[in-house]
Structures are given as C-alpha cells and as structure tokens.
Amino acid sequence: MRWVLYAAGAALVGLGFTGLFLDSAPIGWALWFGGVAVAHDGILAPVVLLIGLALRRTGRAARAAAIVAGTVTLATLPTVLALGRRADNPSILPLDYVRNLLLLLGLLALAALAPRLWNAVRPKRGDRTPEPSDPDR
C-alpha cells in the first residue's frame, strides 16, 4: 500500500510540474522559489534562532506562544498590509486586520502567561494551612 501511495504522490508532483512548465513562465517560478529559499535561510531561520536564544529561560508556554505568534503574523501579513485592497471594491479585505491580529497576539500573550499566573496565585503544597479540627468529633 505504501508504494501505491508513493506512486500516486509522484504522479501528482509530476502533474504539478507539467502544469507549471506548460502554463506559466518557469523562469519567474524559479526566481520566486529561489527568493523564498534565500529569505528562509538568510532571514527567517536566523531570526527564529535569535528569538529562541532570547527565550531560552522562559517556559514552554512562552516559547510556544512566540512560535505561534510569529507564524500567524507571517501568514496574515498580506491582509494586515492590505495587499490587494481596491477602492472600487470594498468587499475585498473588508475587516480591520491590524486590530484582529493585535487581539490574537494579546490572547496568545495571555495564554503564555496563564501558567505563571496560575502558579503565582495557587497556594503551594507546603503552604496550605491545615483546617482546624472539629472539637465536637
């Protein structure tokens, strides 16, 4: 079964490359893919490593929130920058995407802080005061 799925995947990749070379400019696609590789290896990966170093002493929740925040910000950047918005068609990108992104990032920050806040508020095991014994027992 594995080889059947490999063959189906290879056929789909071949179909995609055929469409890429027959229906569009392969030079433009090659430049785009090359630019993505340079942007990833030259910009994104070093920035992620530096952020990881900066957050090495924080908890897992803060690191996970930073990863999600960065991913969401990169994914929504075209809508936040209103790329594609046209004055003659107000139904294209009609929402306040900057506000929505900031709200989501705020919720992520709260989610990252929640474990620390919970540990600060929750009494420790040794700090619990014993309940007074009932004299009628």
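Modeller: Of the contacts in the protein with a separation of 6 or more, 46% join residues 24 or more positions apart, a contact being a pair with heavy atoms within 4.5 Å. This is a predicted model, in which local features need pLDDT of at least 70 and side-chain atom pairs count only at pLDDT 80 or more, while totals for chains, interfaces and linings use all residues. Residues are numbered from 1 along each chain as its sequence is written, and side-chain values use heavy atoms, with hydrogens and water left out.

The protein has four helices and zero strands, where helices (H or I, at least four residues) and strands (E, at least two) are DSSP runs numbered from the N terminus. Its pattern along the sequence is α-α-α-α, and because the radius of gyration is 26 Å, well over the 14 Å that the globule rule gives for 137 residues, the protein is more spread out than a compact globule. That radius is taken over C-alpha atoms, and the rule is 2.2 Å times the number of residues to the power 0.38. The C-alpha trace spans about 90 × 50 × 30 Å along its principal axes.

The part I would examine is the loop between helix 3 and helix 4, where Ala82, Leu83 and Leu93 are all found. Ala82 has a phi near 60°, a positive value in a residue other than glycine, and with a relative accessible area of 22% it is partly exposed. Leu93 likewise has a positive phi, of about 55°, although it is not a glycine, but Leu93 is buried at 16%.

Leu93 also belongs to the largest nonpolar core, whose five residues are Val72, Val80, Leu93, Tyr97 and Leu101; such a core is a set of buried Ala, Val, Leu, Ile, Met, Phe, Trp, Tyr and Cys residues joined through side-chain atoms within 4.5 Å. Helix 3 and helix 4 (97–121) each supply at least two residues of this core. Not counting residues up to four places away in sequence, Tyr97 touches Thr79, Val80 and Arg85.

Leu83, by contrast, is exposed, with a relative accessible area of 56%. Together with Leu44, Val48, Leu74, Leu77 and Leu81, Leu83 makes a nonpolar surface patch of about 540 Å², to which helix 2 (26–54) and helix 3 each supply at least two residues. Patches are made of residues with over 30% relative accessible area and no salt bridge, like charges being joined within 9 Å and nonpolar side chains (Val, Leu, Ile, Met, Phe, Trp, Tyr) within 5 Å; accessible areas come from the Shrake-Rupley method with a 1.4 Å probe, and for residues only the protein chains shown count as cover.

There remains the charged pair. Asp88 forms a salt bridge with Arg86, the closest N and O atoms being 3.1 Å apart, and the count comes to one salt bridge under the rule that a side-chain nitrogen of Lys or Arg lies within 4 Å of a carboxyl oxygen of Asp or Glu. Asp88 is exposed at 61% relative accessibility, whereas Arg86 is partly exposed at 45%.

Notes. Buried means under 20% relative accessible area, exposed over 50%, partly exposed in between (1.4 Å probe, protein chains only).
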